[in-house]
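Look over the sequence and structure first.

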Amino acid sequence: MATVAEVAPAIYRVNHVVPDVPVTFSFFVIADDQPALVQTGFGRCFDESLEAVRRVIDPARLRYIVVPHFEGDECGALNRFLALAPHAQAVCSPIGAFTNLADFALREPLAVDETSVLDLGQHRLRFLLTPYVHQWDSLLAFDETTGTLFSSDLFIQPGPQPPTTDRDLTEEMLLVYRTIGIFPSRAHLNAALDKIEALAPRTLACHHGSVVSGQIPAYLRALREHDVTGLTAWNPMRGA
Ligand SMILES: [Fe+2]
Ligand SMILES: [Fe+2]
């Protein structure tokens with residue numbers, strides 16, 4: 001069963017543990033006047049995800065569903081949520097709208113850029129465009145109100161972890177990236193880290209592993225100082 005935990009004011013982490021997979025999978029519910037999801041989880045986990053969302057909000061009230069990039073764990077259940085929330089709209093980068101969601105989503109997506117603000121009521125979402133971190137269409141959402149960066153596949157850690165941590169898990173993080181090799185280019189990663197540092201986030205709402213609530217400079221420094229870009233030979237068909 002998915003677990004639900006409040007990780008910042010009115011921001012809830014829904015977490016799935018998938019047997020024999022080295023990372024867990026999270027998405028986030030922002031409970032507000034205009035409720036939002038950040039990510040949807042896999043389509044194949046939809047029933048469990050829906051039940052978890054219902055513990056926080058009425059999913060029919062959803063207004064926005066942020067898609068950081070087009071992958072199954074990020075947005076596989078998008079159309080299932082859109083189907084039961086008549087006023088909900090997918091939110092993605094301009095590249096994401098053009099290449100993926102204008103075609104895939106059952107309703108026209110809202111393309112946002114770094115000038116966009118979504119006022120949810122208490123929370124205000126801004127966006128960073130972070131191409132190739134780790135997909136062409138990548139975008140990160142930032143809640144100004146709580147200082148929460150929805151960091152998607154940045155700052156992830158392996159294995160089941162508590163909902164939040166203030167521990168330095170950067171060695172574990174680096175091992176994951178060195179193994180699976182999701183960042184194609186140092187230049188693209190540095191550009192994203194520059195933008196994140198300028199925001200000075202107080203919380204990193206990671207898509208895999210714990211939400212990071214302390215020692216954030218250590219996580220940024222680790223990705224600057226260690227080479228986690230380039231080719232690896234990882235093959236998920238052979239397991240971890
Ligand atoms: Fe991803
Ligand atoms: Fe992911």
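## Sheet and helices

Seven strands make up an open sheet with mixed pairing, in the order E1-E2-E3-E4-E5-E6-E7. Strands pair if DSSP finds at least two bridges between them. Strands (E, at least two residues) and helices (H or I, at least four) are DSSP runs, numbered from the N terminus. Strand E1 (3-8) and E7 stand at the edges with a single partner strand each, so one side of each has no neighbour in the sheet.

This is a predicted model: local features need pLDDT of at least 70, side-chain atom pairs count only at pLDDT 80 or more, and totals for chains, interfaces and linings use all residues. Residues are numbered from 1 along each chain as its sequence is written, while chains are lettered from A and ligands numbered from 1 in the order in which they are written.

Strand E5 (residues 64-66) runs parallel to E6, joined by three bridges. Tyr-64 has Gln-89 in E6 as its bridge partner.

Contact means C-beta atoms, placed from the backbone, within 7 Å. Angles run from 0 to 180 degrees between N-to-C directions, with axes fitted to C-alpha atoms, for helices over the stretch in contact.

| Helix | Strands touched | Angle |
|---|---|---|
| H1 (residues 46-54) | E1, E2 (11-16), E3 (25-30) | about 155° with E2 |
| H4 | E6, E7 | about 120° with E6 |

Which residues of helix H4 (residues 94-104) are buried? They are Gly-96, Ala-97, Asn-100 and Leu-101. Buried means 20 or more other C-beta atoms within 10 Å of the residue's own.

Conventions: A residue is buried if 20 or more other C-beta atoms lie within 10 Å of its own, exposed if 12 or fewer, and partly exposed in between; C-beta atoms are placed from the backbone. Two residues are in contact if their C-beta atoms, placed from the backbone, lie within 7 Å.
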